[in-house]
Protein chains: 2
Amino acid sequence: MNYSRQREIILETLTNNAVHPTAEELYSLLEKEYGTASLATLYRNLNLLAANGIIKKIDGLEQSSHYDHNIDEHYHFMCNKCKKVYDVSAAVAPGLIEQAEKELGADIESCDIIFHGTCKDCK
Amino acid sequence: MNYSRQREIILETLTNNAVHPTAEELYSLLEKEYGTASLATLYRNLNLLAANGIIKKIDGLEQSSHYDHNIDEHYHFMCNKCKKVYDVSAAVAPGLIEQAEKELGADIESCDIIFHGTCKDCK
DNA sequence: CTCAGAATTGATAACAATTATCATTTTATA
DNA sequence: TATAAAATGATAATTGTTATCAATTCTGAG
């Protein structure tokens, strides 16, 4: 992976100016901030960054993927009303992977949890 | 929801002849078994059945949704090698929803867990 | 039973999200 | 600084799913 200015901008924007954005949301931000942006380049770099473990792709929230600069083990909650996405700490499910490995006899590499419901502000 | 023969066939096939299929997989099965099938009708009925809590749509496994006739609380594991989908019992994460509710101050209605790794047979 | 209105269907167009293509430009390095 | 690999931008293509709409099928009241 060579250096690239676009990738730097994308990562920086994801890290500092967006929380769990979709590619489209990030694209709008980039356009507004830097004028220059190609959707193809954005997708390519998001995939590259995710493949290299620098960011995390969050699937299962909506039909479009969201992206997270926080790669520490944690989970997500989406409010059915306001559609906001909240982080949930890994502490809510201690020993989860070990339990599942024992049950399946499998090697588990990752585990994603998506909660749905009504958030504190909306209820 | 009126009675419909197509819906009956779809539900029966999902229940008895397919495990966690995608819409496409189910479509092939239906075509083979009954000759008659419309992709639109299939999607419509899968959505209807899921909206009525009769089946469950599983998102986050692949870009296409999978469907499950088993609506008891349980989770899923997908093998990175063979792509097979396994059930994981709810017992691997006792008190998960309560923990997350406490942390967020939210009302949680549902919770989906997707594990990825290498299954017993592939490792 | 039968008729009207609601629900369902099938065929296909449309749509949204994402990826592929490819000629041009940028980056790293010998 | 020349060269090869990597990255880019514009856009076409692909995939999965939903919308449209005329025709068919259900259902319940009369």
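**Helix packing and DNA contacts**

Author: In this predicted model, α1(A) and α3(A) pack with their axes 10 Å apart and at an angle of about 75°.

Reader: How are α1(A) and α3(A) oriented to each other?

Author: Two packed helices are described by the angle between their axes and the distance between the axes. For α1(A) and α3(A) the angle is about 75°, and angles of 65 to 115 degrees count as roughly perpendicular. The orientation of α1(A) and α3(A) is therefore roughly perpendicular.

Reader: Which residues of α3(A) make the contact with α1(A), and how do the residues of the contact divide by class?

Author: On the side of α1(A), the contact is made by Gln6(A), Arg7(A), Ile10(A) and Leu11(A). On the side of α3(A), Thr41(A), Leu42(A), Asn45(A), Leu46(A), Leu48(A) and Leu49(A) take part. By class, the residues of this contact are six nonpolar, three polar and one charged.

Reader: Where do these helices stand in chain A as a whole, and in what order do the elements of chain A run?

Author: Chain A has four helices and five strands, and its C-alpha atoms fill a box of roughly 50 × 40 × 20 Å along the principal axes. Read from the N terminus, the order of the elements is α-α-α-β-β-β-β-α-β.

Reader: Turning to DNA strand C, how far from a phosphate oxygen is the polar side-chain atom of Tyr43(A)?

Author: Of the 20 residues around DNA strand C, those that come nearest are Tyr43(A), Ser4(B), Gln6(B), Arg7(B) and Thr41(B). For Arg7(B), a side-chain N or O atom is 2.6 Å from a phosphate oxygen of DNA strand C, while for Thr41(B) the corresponding distance is 2.8 Å. For the polar side-chain atom of Tyr43(A), the distance to a phosphate oxygen of DNA strand C is 2.5 Å.

Reader: Which classes of residue make up the surface near DNA strand C?

Author: At least two residues of this surface come from each of α3 of chain A and α1 (5-16) and α3 of chain B. Divided by class, the surface near DNA strand C has five nonpolar, 12 polar and three charged residues.

Reader: What area is buried between chain B and chain A?

Author: The size of an interface is often given as the accessible area lost when the parts come together. Here the contact takes 32 residues from chain B and 32 residues from chain A, and in chain B the residues that lose the most area to chain A are Val92(B), Leu104(B) and Phe115(B), together 19% of what that side buries. Carbon and sulfur atoms give 55% of the area buried between the chains, which is about 2,600 Å².

Notes: Residues are numbered from 1 along each chain as its sequence is written. Chains are lettered from A and ligands numbered from 1 in the order in which they are written. This is a predicted model: local features need pLDDT of at least 70, side-chain atom pairs count only at pLDDT 80 or more; totals for chains, interfaces and linings use all residues. Side-chain values use heavy atoms; hydrogens and water are left out. Axes are lines fitted to C-alpha atoms, for helices over the stretch in contact, and angles run from 0 to 180 degrees between N-to-C directions. Angles under 35 degrees count as roughly parallel, over 145 as roughly antiparallel, 65 to 115 as roughly perpendicular and the rest as oblique. Contact means heavy atoms within 4.5 Å. Ala, Val, Leu, Ile, Met, Phe, Trp, Tyr, Cys and Pro count as nonpolar, Asp, Glu, Lys and Arg as charged, and the others, Gly among them, as polar. Buried area is the accessible area (1.4 Å probe) that two parts lose on being put together, summed over both. A residue is near a molecule or strand if one of its heavy atoms lies within 4 Å of it. A polar contact is a pair of N or O atoms within 3.5 Å; within protein, one must be able to donate a hydrogen and the other to accept it, and residues adjacent in sequence count only if both atoms are side-chain atoms.
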